[in-house]
Amino acid sequence: MDNHHRTVRRPRRTRSAVIQQHEPTLNQDVSSAEYAAADGGSPWRDLPVLPVRGTVVLPHMMVPLFVDRDPALRAVEAAVAADQAILLVAQRSDQTADPTYLDIYCVGTECSINRVLRMPDGTVSVMVQGMRRVRIENWLQQSPFGRVRGTVYEEPESDNEQIEALTRTVLTYFERCTKLSQRLTEDAYVQAANIDFPGALADFVVAQLEPPVAARQDILETFDVLARLRKVCRMLQRELSVLELEQKIHAEVQQEADRNQREFFLREQLKAVQRELGEHDPAVREQDDLRAKIEACGMPVEVRARALKELERLQAMPSLAPEYSVVSTYLDWLISVPWEQRTRDRLDLRHVAQVLDEQHFGLEKVKDRIIEFIAVRKLAPEGRAPILCLVGPPGVGKTSLGRSVADALGRKFARISLGGVRDEAESRGHRRTYVGAMPGRIVQAMKTAGTVNPVFVLDEIDKLASDYRGDPAAALLEVLDPEQNAAFSDHYLEVPYDLSNVLFILTANVLHTIPAPLRDRMEVIEIPGYTEEEKVAIGRQFIVPKVMRDCGLTPARIEFDDAALRRIVCEYTFESGVRGFEREVSSIARRIARRVAEGRRHKATISAQRVPYYLGPQKFFPTEAEEQDEVGVATGLAWTAGGGDLTTVEVMAVPGRGTIIMTGQLGEVMRESAQAALTFTRSRAMALGLAESFHECNDIHVHLPAGSIPKDGPSAGITMAVAMISALTGKPVRRDIAMTGEITLRGRILPVGGIKEKVLAAYRAGMRMVILPRRNLKDLDDIAPDIREQLQFVPTERMDEILDLVLAPATPRAASEAHTSHAAFPALQPARAALPLSDTPPIGQVARPRTRRVEVIAGS
């Protein structure tokens, strides 16, 4: 009997294996008497099954259960109706909602139902009491509830010395557990001591310990009393070890708390004794040091009063209090921030100019503004520092210029990058109520600089963002307003801090992303891109020496020709700045450094012909002028992040329904310019010799090449109008003329931006003439005289003034094509006299259309 019951749990691998275990075949079945005789147990019994989750009901336990599943309710009702016991079996997984015979254990407990109560929520409360172990031998039905045939096991009466010894051991361990555990009571031990049967004692102890479900099921499946007592002994030993460890930890914690309390009273007594003797402990000495630093750091009166008040709070609290470190850190920040430490400005204007010229090429506007600031500072030392904003494309030296200004003035340098910052606390800090709060980056940078008058660079201010955490651009309004930054308030410091002596230099690539209130507080200085000649000069004076130093080369090892530098600029870079230029020069220098390291001693001279050997084939091909005058093709000028560039506008008129087609990934503003150009052309149809209904029988297609590149802006309006008129009249557009300007419905030409970059692009492409709005003449002063001498500039205010200038006479082939495409419009008849080709001014001067008086701009 014992051997049979010790092999209760069998491995369950497949469905067929489980069925074989629980459903014996007919030739395997035996009679009840034969099974009882072979196993020592009771005959088989048919019982309804109630699967339970999260618990195992052991014999002699009385447990309340809440039943809410329909099969379980039917099983309870069937058992009550038949005045029959019910079999409680634990589920293998608590997650199974509708368990089958595959989801429950093979051994359960036969229980009597003592009470059934229906609850208001529809569930049923059942009070059951375990009686005997039952092994499931066969499933009789699955629905509407489970019913099984199982073997009932009766506890045998055993009189064994081993069982007696194990019983005493179990009681001893259980008694010790009740003394150490706060959950177990002495009544439980008394109840255990009054149990006469060893098996029942083991079940009772396990029920009191409440081990995991798997452990309780293991005890339930252990039919042998001796083996069950051994398992309970091991379980009690493990529980006892855990309880003793908990007791030890609790004692240590209590001892530490008592020691801290005792230390607190002793420290208070020691403080009293030290006050009487005039002696101090380390904490008192630290507080005295803080007081001395507060007195010596030069805080304003209100800030000093706030610091002393916080110091009094610090002295009143114990050093182990959580607030102690918060107040101590706050006082450290107040002391470490500069309040009156400042550097003395170098007011020698020649020295400042020399330093700026040595470190940066060009940038005359910025240098002049810095020298003006030094001059004002020399005459009025108490004047406020300006807020400068340097706007220009990447790589032109905006950020490095701030460091050069600091070197020239003899000031400390501080810099923070604002790109991607979207939290207001980045600039203003967090309040001290937050764990780990710190001052904002403005105050942190001032602490790093160590003076109240550093040169402070706020980099990439055009890339600020905002979200639910606040708007950092709005937080910078106080920093960059000369009327407010004398009392800047950081959320962490919570005292006014003076930023009026700081020279703020802001950098940005564009202005339109900067909020208008913030832009209004700045003095904007635009830095254009470098010309080809300027890049060559920068490479010769700055980049080549710097790269040689970085690569460990000397002039005896490598030499760059100006022609090589010019070829690198023109064919291997396309940018406004010089970052890419420096990378290409560094690539050549690294190859030479490798050769030197390999033992090749001869000097390398980098000529224009040798550049492809080091850098490979040409990477960039600059836009060039058209090869011949063409109908419907006009050359415009565009501004890009890499500088100016030529853009070709192609217009073709084909028979259709009068629609206008625009391709080339044009933006909304550029599309509106095309519409305005078409409307202007329709308004001049009679003067141009076009039929009044030409737009109804022709489709006009406007296309800008390089369709993968987005294009937008109003400056192509004049170019679209010229190309459209050329396509409709059949007159070709002169290929040596580039133009820019915004057009209105009345044909007026309005000013646009980026004139310097556009003129440089026309110069690089070999254009002969540039047409630009008259109000942009002032922008020509920024262009080098040698470039102005190579171009003719035609200022205009109306389209009628330049049509005869840009449109060449129609060729027979063009006239034939125009006749084929839209019924041979008559030749162009200008409404106003314009500048004929014979009146083209000398190179380097501004053209004078006859209808308007234009001031001549000398080439120099």
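What follows is a short chat about how some labels on this predicted model come about.

Visitor: Why are helix 11 and helix 12 called roughly antiparallel?
Guide: Helix 11 covers residues 301-316 and helix 12 covers residues 322-336, and they pack at an angle of about 155 degrees. Angles over 145 degrees count as roughly antiparallel, so helix 11 and helix 12 get that label. Their axes are 10 Å apart, and the crossing is left-handed.

Visitor: Which residues make that contact?
Guide: On helix 11 they include Val303, Ala307, Leu311 and Leu314, and on helix 12 they include Tyr324, Val327, Leu331 and Leu334. Charged residues take part too, among them Arg306 and Glu310 of helix 11 and Glu323 of helix 12. The contact divides into 9 nonpolar, 1 polar and 4 charged residues.

Visitor: Now Asp800. What makes Asp800 count as buried?
Guide: Its relative accessible area is 12%. Buried means under 20%, so Asp800 qualifies. Asp800 is found in the loop between strand 26 (792-796) and helix 29 (803-806).

Visitor: And how do you know that Asp800 makes a polar contact with Arg684?
Guide: The side chains of Asp800 and Arg684 come to 3.2 Å. The cut-off is a pair of N or O atoms within 3.5 Å, one able to donate a hydrogen and the other to accept it, so this pair counts as a polar contact.

How values were computed. Residues are numbered from 1 along each chain as its sequence is written. This is a predicted model: local features need pLDDT of at least 70, side-chain atom pairs count only at pLDDT 80 or more; totals for chains, interfaces and linings use all residues. Side-chain values use heavy atoms; hydrogens and water are left out. Helices (H or I, at least four residues) and strands (E, at least two) are DSSP runs, numbered from the N terminus. Buried means under 20% relative accessible area, exposed over 50%, partly exposed in between (1.4 Å probe, protein chains only). Axes are lines fitted to C-alpha atoms, for helices over the stretch in contact, and angles run from 0 to 180 degrees between N-to-C directions. Angles under 35 degrees count as roughly parallel, over 145 as roughly antiparallel, 65 to 115 as roughly perpendicular and the rest as oblique. A crossing is left-handed if the near helix is turned anticlockwise from the far one by less than a right angle, and right-handed if clockwise. Contact means heavy atoms within 4.5 Å.
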